Every structure is written in C-alpha cells, then in structure tokens.
Amino acid sequence: MSEMYQSVSHSRWECTYQVVFIPKCRRKMLYGEIRKQLGVIFHELARQKEGQIIEGHLVSDHVHMCIKIPPTYAVASGIGFLKGKSALAIARQLSGKVRNLTGEHFWARGYAVSTGGFELEAVKQSVLSHM
C-alpha cells in the first residue's frame with residue numbers, strides 16, 4: 001500500500017473531505033484578527049481529533065477546507081467539534097469572554113461536505129480556486 005495511507009488499529013485509511021461552512025446569517029466576519037486566529041485554531045482542533053487540515057481558505061463569508069478525518073470519528077462529529085470549539089475560542093480570545101459561554105453562536109447550522117478520495121489534487125485545486 002502507498003505511504004499516503006495512515007493506519008488505525010487493523011486498518012489503513014485515507015479519508016479526505018472537502019468541507020464548506022459559513023458564519024451565522026452569512027455575515028462577512030472572517031477578516032482581520034478573526035482571520036489570523038482561525039487558521040491556528042482550526043489546525044490545533046483538527047490535531048486534537050487526530051485529523052489534519054491539508055488545505056484551507058478563509059473567505060470573508062465562508063470557510064473552505066480539505067481535511068483528513070480518521071475513520072474512528074464520524075465526519076459530522078469532527079466538523080461539529082471544529083465549529084463548536086472554534087466558536088468558543090473566538091468568544092474567549094476576541095470577545096474577551098471567559099465564562100458562561102452558553103448561547104454563543106458564531107457558525108450557522110450545517111455544512112457542505114464531499115469526499116476527496118483519490119482525487120486529492122483536484123480537491124486542493126478547488127479549494128485554491130476560491131482565493
């Protein structure tokens with residue numbers, strides 16, 4: 001098998017997804033200080049779930065990324081974790097809130113996802129074409 005595959009227990013995997021999601025009400029908020037912080041936040045959160053962000057682009061009104069998520073996690077739980085924890089991090093770091101973060105809503109519900117499969121280069125080009 002190729003070196004591009006990773007292994008978990010008794011399986012070899014290559015689970016690459018193209019994901020797009022937006023801020024609440026598609027507000028044009030992904031610029032300035034938020035934009036600088038979100039890249040670091042997303043990469044750290046992906047590592048916490050044993051994932052990896054291969055390519056990503058923050059446009060003023062949406063996030064477009066190519067991400068690897070191991071098969072031990074459902075895509076929905078991985079993306080939910082990224083969106084939920086990044087919203088909390090934004091509230092803490094940029095809004096100055098430390099406690100009582102219930103009710104903080106930064107991202108809109110839902111997301112669009114497509115499997116990357118063996119066409120990873122085509123997915124990377126698609127992500128880069130939004131630049």
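Q: Which residues of β5 are buried on one side of the strand, and which on the other?
A: This is a predicted model, in which local features need pLDDT of at least 70, side-chain atom pairs count only at pLDDT 80 or more, and totals for chains, interfaces and linings use all residues. Residues are numbered from 1 along each chain as its sequence is written, and side-chain values use heavy atoms, with hydrogens and water left out. Strands are DSSP runs of E with at least two residues, and helices are runs of H or I with at least four, both numbered from the N terminus. Both faces of β5 are covered, with buried residues (under 20% relative accessible area, where exposed is over 50% and partly exposed in between, using a 1.4 Å probe and protein chains only) that are H62, H64, C66 and K68 on one side, and on the other V63, M65 and I67.

Q: What is the order of strands in the open sheet?
A: The pairing in this sheet is antiparallel, where two strands pair if DSSP finds at least two bridges between them. β4 and β6 (112-115) stand at the edges with a single partner strand each, so one side of each is left without a neighbour in the sheet. From one strand to the next, the twist averages 15 degrees. The order of the four strands is β4-β5-β3-β6.

Q: How many bridges join β4 to β5?
A: A hairpin through two residues joins these strands, and V59 has H62 in β5 as its bridge partner, while E55 has C66. The two strands run antiparallel, and the number of bridges that join them is seven.

Q: Which strands does α2 touch where it packs on the sheet?
A: The direction of α2 makes about 45 degrees with that of β3 (axes are lines fitted to C-alpha atoms, for helices over the stretch in contact, and angles run from 0 to 180 degrees between N-to-C directions). Contact here means heavy atoms within 4.5 Å, and the strands that α2 touches are β3, β5 and β6.

Q: Is H62 buried or exposed?
A: H62 is found in strand β5, and its side chain makes a polar contact with the side chain of D61 at 3.1 Å. Such a contact is a pair of N or O atoms within 3.5 Å; within protein, one must be able to donate a hydrogen and the other to accept it, and residues adjacent in sequence count only if both atoms are side-chain atoms. Because its relative accessibility is 10%, H62 counts as buried.

Q: What separation is found between the C-alpha atoms of Q93 and Q37?
A: Q93 has its place in helix α2 and is partly exposed, with a relative accessible area of 46%. Leaving aside neighbours within four places in sequence, Q93 is in contact with Q37 and I41. Although Q93 and Q37 are 56 residues apart along the chain, their C-alpha atoms are separated by 8.7 Å.
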